[in-house]
Amino acid sequence: MSTLGRQTLLWMIPVNLLLVAWVWLGRIVFGVGGWFLLIFMLSVVPVLLIAMLVSTILAFTQDGRPRALTPLQAVAQLATWAGLFVLGAFMPDFGDTEDSQLSLLTQVFGYSDSLYDLSFLIALAGAVVAVAAYAVLLGALVFARRPATAPA
């Protein structure tokens with residue numbers, strides 16, 4: 001059993017919940033809040049909650065004691081978390097008024113169209129990493145489950 005696999009499994013529930021909230025509300029930390037708060041609440045957050053619930057249930061119902069993730073599952077889970085963190089931090093937002101296009105980068109360095117576009121590109125890269133890593137995680141949880149330990 002790897003320590004990484006055990007620790008990742010133990011942190012799965014709280015970090016999954018925290019990152020769902022981060023993807024939804026994380027931009028507020030940087031002073032960025034607009035229509036995506038409502039849009040994400042109705043679209044992205046439910047999908048993330050269901051996806052994280054499925055992977056958590058599959059992870060905790062694997063055979064073997066003590067419970068742990070395989071190294072592949074643990075790395076895929078960590079990559080999913082990293083992608084979601086980047087998505088929540090860099091996703092730009094917009095509002096009803098002029099000059100309401102904001103992102104982490106435009107808050108730190110001042111507004112420019114290129115920084116706003118770069119912020120969206122970084123957020124998109126985070127989303128792609130999260131989806132790809134989640135697909136690997138889900139595949140590993142379904143097809144590469146831990147073997148049952150033989151009774152002694």
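Modeller: Ser 112 lies in the loop between α5 (104-109) and α6, where helices are DSSP runs (H or I, at least four residues; strands are E, at least two) numbered from the N terminus. The model is predicted, so local features need pLDDT of at least 70 and side-chain atom pairs count only at pLDDT 80 or more, whereas totals for chains, interfaces and linings use all residues. Residues are numbered from 1 along each chain as its sequence is written, and side-chain values use heavy atoms, with hydrogens and water left out.

Is Ser 112 buried, partly exposed or exposed? Its relative accessibility is 24%, and it therefore counts as partly exposed (buried is under 20% relative accessible area, exposed over 50%, partly exposed in between, with a 1.4 Å probe and protein chains only). From Ser 112 to Leu 102 there are 10 residues in sequence and 9.8 Å in space, C-alpha to C-alpha.

With 39% relative accessibility, Leu 118 is classed as partly exposed. Leu 118 and Phe 90 are separated by 28 residues in sequence, and their C-alpha atoms are 9.1 Å apart.

Arg 145 belongs to the segment after α6. Because its relative accessibility is 30%, Arg 145 counts as partly exposed. Setting aside neighbours within four places in sequence, Arg 145 is in contact with Leu 58, Thr 61, Gln 62, Gln 73 and Ala 140 (contact means heavy atoms within 4.5 Å). Thr 97, by contrast, is 48 residues from Arg 145 in sequence and 51 Å from it in space, C-alpha to C-alpha.

Thr 80 lies in helix α4, which covers residues 71-90. Thr 80 has a relative accessible area of 2% and is therefore buried. Apart from neighbours within four places in sequence, the residues that Thr 80 contacts are Met 52, Ala 130, Ala 133 and Tyr 134.

How do α1 and α3 cross, and at roughly what angle? The axes of α1 (residues 3-25) and α3 (residues 44-60) come within 10 Å and cross at roughly 175 degrees; axes are lines fitted to C-alpha atoms, for helices over the stretch in contact, with angles from 0 to 180 degrees between N-to-C directions. The two helices are therefore roughly antiparallel to each other (over 145 degrees; under 35 is roughly parallel, 65 to 115 roughly perpendicular and the rest oblique). On the α1 side, the residues making the contact include Leu 9, Met 12, Ile 13 and Trp 24. On the α3 side, Val 44, Leu 48, Met 52 and Phe 60 are among them. The contact comprises 14 nonpolar, 3 polar and no charged residues (Ala, Val, Leu, Ile, Met, Phe, Trp, Tyr, Cys and Pro count as nonpolar, Asp, Glu, Lys and Arg as charged, and the others, Gly among them, as polar).

The chain as a whole can now be described. Of its 152 residues, 39% count as buried. Among contacts between residues at least 6 apart in sequence, 76% join residues at least 24 apart.
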